[in-house]
Amino acid sequence: MLIKRSDAEAVRGGLAASFAALSSGALDRRAFLRRSGVAAGGLAALGTLSAGTVKKAEAGPMQPGVRVELRKNMCTHCSVGCTVLAEVQNGVWVGQEPAWESPINRGTHCAKGAAVRELVHGDRRLKYPMKLEGGQWKRISWAQAIDEIGDKMLRIRNESGPDAAFFLGSAKFSNEGAYLFRKLAAFWGTNNVDHQARICHSTTVAGVANTWGYGAQTNSYNDIRNSKTIVIMGGNPAEAHPVSLQHVLQGKEKNRANLIVIDPRFTRTAAHATEYVRLRPGTDIPLLWGILWHIFENGWEDKEFIRQRVYGMEEVRKEVAKWSPEEVERVTGVPGAQLRRVAEKFAKEKPATLIWCMGMTQHTVGTANVRAACALLLATGNVGGAGNGANIFRGHCNVQGASDFGLDTASLPAYYGLDEGAWRHWCRVWEVDYEWMRGRFGPPGADDATRKRMMELPGITTTRYIDATLLEPVKDGTRQLAEGQPNYRAMLVFGHGGNTVVRMPEAAAALEKLDLLVVADPHPTTFAVLHNRKDNTYLLPICTQFECSGSRTASNRSVQWGEQIVEPIFESKTDYEVIYRLAEKLGFANEMFKNITVRNKVPEPESVLREINRGAWATGYTGISPERLKAHMKYQRYFDLVTLRAGADAPAEVRGDYYGLPWPCWGTPEIRHPGTHILYNTHLHVKDGGGTFRARFGVERNGVSLLAEGSYSKGSEIQDGYPEFTMAVLKRLGWDKDLTAEERAVIERIGGNNVDRVSWATDLSGGIVRVALEHGCSPFGNAKARALAWNLPDPIPVHREPIYSPRPDLVAKYPTRDNFMAHRVINYGRTVQQLAVDRNIARDFPIVLTTGRLVEYEGGGEETRSNKWLAELQQDMFVEINPQDAAERGIRDGQWVLVWGPEMPKGKVCRMKALVTERVGKGVAFMPFHFAGWFMSEDQRRKYPAGTDPIVLGESANTVTTYGFDPVTSMQETKCTLCQIRAA
Amino acid sequence: MARMKFLCDADRCIECNACVTACKNEHEVPWGINRRRVVTINDGKPGERSISMACMHCTDAPCAAVCPVDCFYTTADGVVLHSKDLCIGCGYCFYACPFGAPQYPRLGNFGSRGKMDKCTYCAGGPEADNTPAEYAKYGSNRLAEGKLPACAEMCSTKALLAGDGDIIAQIYAERVSTRGYGSGAWGWRTAYKDMVSG
C-alpha cells in the first residue's frame with residue numbers, strides 16, 4: 001500500500017507513475033538522474049504562463065562562484081518556531097542550511113521544516129488573481145480584482161450592514177499582518193473576524209486565562225528539559241511538533257524523567273513514553289478528576305501553594321469526590337491502579353509539567369477540560385517554576401501572535417475585550433475618534449445605541465459561519481441569530497483551509513449561498529473547489545511569510561523577526577499590501593494607516609510593530625521593538641539552551657534578555673525588560689522575568705479574598721497580594737510621585753475627569769507599569785489563580801458526554817448543556833444529543849471517530865500537499881481501524897473502505913484507504929485531517945484552476961465529523977464523534 | 001583520517017522524516033527515488049521503534065563486490081561512492097545491499113532501470129568537487145565544503161548522527177549511560193563489523 005505507515009518497503013509506481021500526467025506536468029524538473037550533465041529548466045513545463053508572469057527562473061543547485069547570502073526566517077508550519085537559514089543567490093533560494101545558533105531548534109527540522117524551500121518554488125502556487133465567470137476560472141489583474149471585490153463588499157454593506165461580511169484571518173499571518181487584519185475588520189465595522197485559534201486552542205486560551213491570567217503556554221519547549229515528570233495529554237508532538245521532542249526526549253534522558261502519554265491513540269509520542277494511558281475519547285474530565293481523586297485521597301496535594309495562591313480548590317475537591325476509581329473506570333475505561341501511579345508521580349516527582357494539544361481542546365467541553373487540567377497543576381503546586389507549568393503546544397507558526405493581536409470575535413488586540421474602555425483605548429492608539437468608529441458598526445440607519453451594542457457584541461466564529469449563512473435569523477419564534485446580525489453574504493478568507501471546520505456537506509451549501517467569496521492565499525484551498533459556485537468568487541495570490549518580513553510569536557511567547565528571503569514569486573503580494581489595497585478601496589485607508597509608514601501601497605512591518613508597541617500594554621508587547629527583535633536574531637548564539645537567557649558574554653544589545661523577549665516584556669523598549677520566560681514565577685524579580693498570578697477578576701468574592709496570601713515575587717515591596725495597578729492604587733501607595741511630569745500629563749489626558757481609573761493597561765505613557773516594576777511589583781497585580789471560575793458556564797468542570805456519545809447509557813447522567821445562544825448563533829447541542837440517543841445512532845454508527853495530525857502535512861494541508869517532497873511521503877487519505885473492527889467487517893490492511901457519519905446526506909460515503917492497526921483501540925477509528933479535494937467519493941481535481949491542484953488529494957475528515965460546540969468559545973468537536981466503516 | 005559513519009539512535013528517532021526531506025531538498029532528488037527513508041518496526045504497538053536508513057557506507061561494501069563494471073569506490077573518509085558514467089543499472093548491488101539502499105529511476109515504457117542512485121554521504125561523486133556536473137549526477141557535495149550530511153544535521157531529535165565513527169560512537173555511548181537504556185547502534189555489525197557498547 002502507499003500509506004507509509006508500515007515497515008514494508010516504500011512502493012514506487014502507483015501515484016508516482018501517474019504523477020507525470022497530472023496537470024502541472026512532470027515535476028521531475030532537473031531530471032539529473034536520467035540525463036546526466038544537464039540541469040533542465042523545468043519551469044518551462046508551465047507553458048501556459050506568459051513570460052512576464054514567472055519572476056524567477058528555476059531554483060537550481062548552488063552556482064559556483066556566485067555570492068551566497070544567508071537570510072534568517074522561521075518555519076511557517078508549527079508553533080515551535082524553528083529558525084530557517086536560507087541560502088540565496090541572485091534572488092533565488094538555492095539551499096537550506098542548519099540554523100545551529102537558534103536555541104529553539106539548534107539546526108534541526110522536521111519533514112516540513114526541512115522542505116520549506118519548496119514552498120517558494122511554488123509550481124502549484126496560485127500565480128495571479130483569478131475569478132469564477134460562469135463556472136470557469138479566469139485570470140484577472142490585481143486592479144480589477146480589488147475593484148470588483150470592493151464594489152461588491154460596499155454594496156452588501158449598504159444593503160445589509162457590515163456584519164453581513166465575515167473576515168476569516170490566519171495564524172499564518174505575521175503579527176503585523178494579524179494586527180492589520182483585525183484593524184481592517186474594526187474599521188469596516190464588524191467583530192465577525194476570526195482565525196485558526198478558534199479551532200485549535202481557543203478553549204485553552206479561555207480556560208487558562210480564566211484561571212491565572214494569560215491565555216498562553218506558561219513555560220517553554222526548552223524548559224521541559226528541567227522536568228522530572230512530563231505528562232502529555234491529548235497531544236502527539238512527535239508528529240505535530242517534532243522539534244519539541246528534542247527537548248522532551250533529552251530532558252527525559254538527562255533527568256530519567258517520567259514521560260506519561262494519555263491519549264485514545266497509541267501515538268508516535270506514546271512509543272517513547274514510560275507509561276501509556278488509553279482513555280475513551282471525550283472523557284478527559286473524569287480522567288483528570290480520577291487522578292486528583294488519588295491525590296486528595298492520599299494528601300499529596302501542595303497545601304501551602306493552595307493556601308497562598310489558589311482560590312476555590314475546596315469546590316474542586318467536592319466535585320472530585322464523586323469520581324471514585326470505579327466510576328472513573330466505568331466512564332473512561334482506565335483502571336484506578338494506573339491512575340494512582342500517574343497521580344503519585346505527578347504530585348511527588350516534581351517539577352511536573354502537563355502538556356496538552358488539541359485532544360484536550362477540540363471538544364464540546366474543551367474549556368472545561370482545560371480548566372480541569374489547570375486544577376491538577378494548581379493542586380500539586382506545579383505552576384510558576386522551572387520544569388513545571390502548563391506547556392500548551394500551539395498549532396500554527398503564529399497562532400499565538402494572531403490570537404494576541406485579536407483575530408478573535410471577542411477581543412481587540414492584546415485581549416482588551418470589546419467593551420467601551422477597550423474601544424476607547426485602541427481609538428486613542430489609532431488616533432481616530434471613538435464616535436466615528438462607533439458609526440462604522442450596526443445595520444444601515446441604526447441609532448447610536450444599536451451601533452454601540454453591535455460594536456461590543458462578540459462576533460460569529462469560524463466554526464459557525466455555516467449556520468450564520470444558512471439559518472433563518474428567526475424561526476418559529478426562536479431567535480437563531482442574535483438581534484441585529486444578518487445572514488452572512490460575503491466571506492473574505494485569508495490563509496485558511498476550507499476543510500478545517502466540521503460538517504463539510506453543509507459548508508458546501510453555505511458557500512454556494514454567499515454573494516461573495518474571496519480567498520487570499522498562496523494556494524486556492526478547499527474553499528475554491530468545495531462548492532459549485534459559478535460567479536462572484538475570487539482568488540488572490542498571497543505570498544508566504546518567506547517572501548515578506550515581520551515578526552511571529554512562537555508557542556512559548558518568544559517573538560522572532562523573519563527576514564524576507566526572496567521577493568514574492570509570480571504575481572503574489574504580501575498580506576500587508578492586499579490589506580492596504582482593500583482598505584483603500586473600501587475608503588478608510590487614510591484613517592487606518594494614519595501612523596503607519598506605507599511605501600508603494602506596502603505598509604512597512606517595522607512601523608506596524610511600533611504601533612503595536614504603543615498600544616499592547618495588557619500583554620506586554622510594548623517592549624518588543626523591531627530593533628530588539630532583529631538583534632535577537634542576529635545574536636541567537638548567545639542564548640542559553642535551557643534558560644533561554646543571554647549571558648554576560650553577550651553583546652550589550654541583548655545581554656540578560658530571554659530569547660525572543662517572551663511576552664510580557666514590560667514597559668517601553670528603552671527600559672530593557674528581558675521578557676518573561678516562565679509566567680507567574682515568584683522566584684524571580686519582575687525585572688528579571690518574575691511574576692505573580694494576574695489579578696483580573698477583582699479583589700474579593702463573597703467575603704473571600706482573591707489576592708495572594710503571603711506569596712509575592714522576589715524583591716516585591718508589597719509582601720502580599722495586591723490588585724492590578726491603577727492611578728488610584730499608585731496614589732494610595734504614595735508611589736504616584738514617582739511618575740515623571742510627562743507620564744502624568746499623558747495619564748491626565750487619558751483619564752479626563754476620572755484620572756484614578758487609568759490603569760497599567762490603558763496608560764499610554766507606560767508610567768504606571770514603570771513605577772510598579774521599580775517597586776518590584778507585577779503591573780497586573782498579585783492574585784490567586786482560580787480553581788473556581790464563577791463567570792464560566794461550568795465554574796467547576798463537570799463531565800458531559802459528547803454530542804454523539806458511544807455510551808448513550810451515560811447521557812442521562814452526564815448530558816451536554818442545554819441549547820443556548822453563543823457568539824450570535826444558537827447552539828442546538830442538547831437537541832442533537834437527545835436525537836442521537838432517541839434514534840439509537842450509536843447502534844448504526846458504532847465506531848468512535850477521532851482526528852489528528854500527520855508529520856508531513858499541516859492544517860488543511862493544501863500547502864504541504866502541494867510540496868512534492870512531502871506529498872511523496874503520504875499519498876493517500878486513510879483511516880486507522882483496529883484489527884478486531886476490521887476483521888468484523890472483512891477489511892484488509894491497505895484496501896479501500898467507505899466511511900460515513902450520522903450527519904452526511906443519505907447514501908453518501910467517503911472513500912479512503914484502511915490502515916489496520918492496534919494504534920487505535922477497539923471501537924475507535926482515527927483520520928488525519930489534512931486531506932481535501934475528494935468530496936463524498938467525488939474527485940474534485942478538475943475544479944482547481946489549471947496547474948494549482950495539490951499533488952495529493954483525498955477525502956476530508958471533516959466531511960464525516962458532526963455538530964457540537966464549546967459553550968465558551970464555540971470550539972468545534974472533532975475528536976469524538978461516531979461513524980461507520982465498511983469495505984469498498 | 002576520519003572514518004565517516006551513520007548511527008541512528010532508535011530510542012530518539014520519532015519518524016518525523018526530516019532526514020528524508022532534507023535529503024530531497026539538498027540534492028533535489030526526484031519523486032520516486034529515496035536515498036534515505038525511515039523504517040518503523042512494531043508500528044502502533046508497544047515497542048514501536050523507528051530507524052532512519054540509507055546507504056551505511058559499509059566497510060568492504062558488498063555492493064562493490066558484486067558490481068560487474070566496478071563502478072564503486074571508497075574515499076579516504078570511508079565514504080562509498082559510485083560512478084554513474086560506469087554504472088549500467090544492472091541492479092546487482094540492490095540484491096547485495098543489506099540495507100536496500102540502491103535506487104533506480106524508471107526509464108522508458110518497459111520498466112528498464114536507469115543508473116543507480118544512492119546516498120552519497122553528501123560527498124558527490126568522481127567529478128570535480130562542487131561543479132554543476134557533479135551536482136547534476138550526485139547532488140551537492142557538503143563534505144567538500146566541510147559540512148556533514150544534511151539529513152543528520154537537520155534530524156529533529158538528533159537521533160541520526162553522522163561523522164567520524166569513533167566520535168559518534170562515543171556520543172551514543174554517553175547517551176546510553178546517561179539514560180540507562182539503548183537498543184544498540186543499529187546496523188553497525190552488518191555495515192562496519194563493529195558494535196557500540198553502551
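User: Hi! Which residues of helix H15 (residues 420-430) of chain A are buried?

Analyst: Hello! Bear in mind that this is a predicted model. In helix H15 of chain A the buried residues are Ala422(A), Trp423(A), His425(A), Trp426(A) and Trp430(A).

User: And where do they sit, seen down the axis of H15(A)?

Analyst: They fall within an arc of 160°, so the buried residues line one face of H15(A).

User: What does the backbone do just after H15(A)?

Analyst: Glu431(A) comes there, with a positive phi of about 55°.

User: Let's switch to the sheet. What is the strand order in the open sheet of 7 strands in chain A?

Analyst: The order is S5-S4-S18-S17-S16-S6-S7, and the pairing is mixed. Strand S5 (136-139) and strand S7 (193-194) of chain A are the edge strands, each pairing on one side only.

User: How many residues of strand S16 (residues 490-494) are buried?

Analyst: In S16 of chain A, 5 of the 5 residues are buried, so the strand is largely enclosed by the rest of the structure. Ala490(A), Leu492(A) and Phe494(A) are buried on one side, and Met491(A) and Val493(A) are buried on the other.

User: Nice. What does S16(A) pair with on the S6 side, and in which sense?

Analyst: Strand S6 (residues 165-168) of chain A pairs with S16(A) in the parallel sense, over 4 bridges. Within that pairing, Phe167(A) has Leu492(A) as its bridge partner.

User: And towards strand S17 (residues 516-521)?

Analyst: S17 of chain A also runs parallel to S16(A), and 5 bridges join the two. Leu492(A) turns up again here, with Val518(A) as its bridge partner in S17(A).

User: How does the chain cross from S16(A) to S17(A)?

Analyst: The path goes through helix H19 (residues 504-513) of chain A, and this β-α-β crossover is right-handed.

User: Going back to S6(A), how does it pair with S7(A)?

Analyst: S6(A) and S7(A) are parallel, with 2 bridges between them. Leu168(A) has Asp194(A) as its bridge partner in S7(A).

User: OK, zooming out. How is chain A divided into domains?

Analyst: There are domain 1 (15-120), domain 2 (130-200 + 400-615), domain 3 (218-393) and domain 4 (808-983).

User: How far apart are the C-alpha centres of domain 2 and domain 4 of chain A, and how many residues are in contact?

Analyst: The C-alpha centres of those two domains lie 28 Å apart. As for contacts, 37 residues of domain 2 of chain A meet 35 residues of domain 4 of chain A. On the domain 2 side, the elements giving two or more residues are helix H18 (465-470) and H19 of chain A. By class, that side has 19 nonpolar, 13 polar and 5 charged residues.

User: What about chain B: how many residues does each chain give to the contact with chain A?

Analyst: Chain B gives 50 residues and chain A gives 55. On the chain B side, the elements that give two or more residues are helix H1 (18-27), strand S2 (36-41), helix H4 (132-138) and helix H6 (165-179). H1(B) has the largest share, 6 residues. The residues on the chain B side divide into 18 nonpolar, 16 polar and 16 charged.

User: What's phi like at Asn130(B)?

Analyst: Phi there is positive too, near 55°. Asn130(B) is partly exposed, with 17 other C-beta atoms within 10 Å.

Conventions
Residues numbered from 1 in each chain as written. Chains lettered and ligands numbered in written order. Predicted model: local features only at pLDDT ≥ 70, side-chain atom pairs only at ≥ 80, totals over all residues. Buried ≥ 20, exposed ≤ 12 C-beta atoms within 10 Å, placed from the backbone. Arc of directions from axis to C-beta. Contact = placed C-beta atoms within 7 Å. Nonpolar A, V, L, I, M, F, W, Y, C, P; charged D, E, K, R; others polar. Pairing = 2+ DSSP bridges. Right-handed = clockwise from strand over helix to strand, strands pointing away. Domains from an automatic or database assignment.
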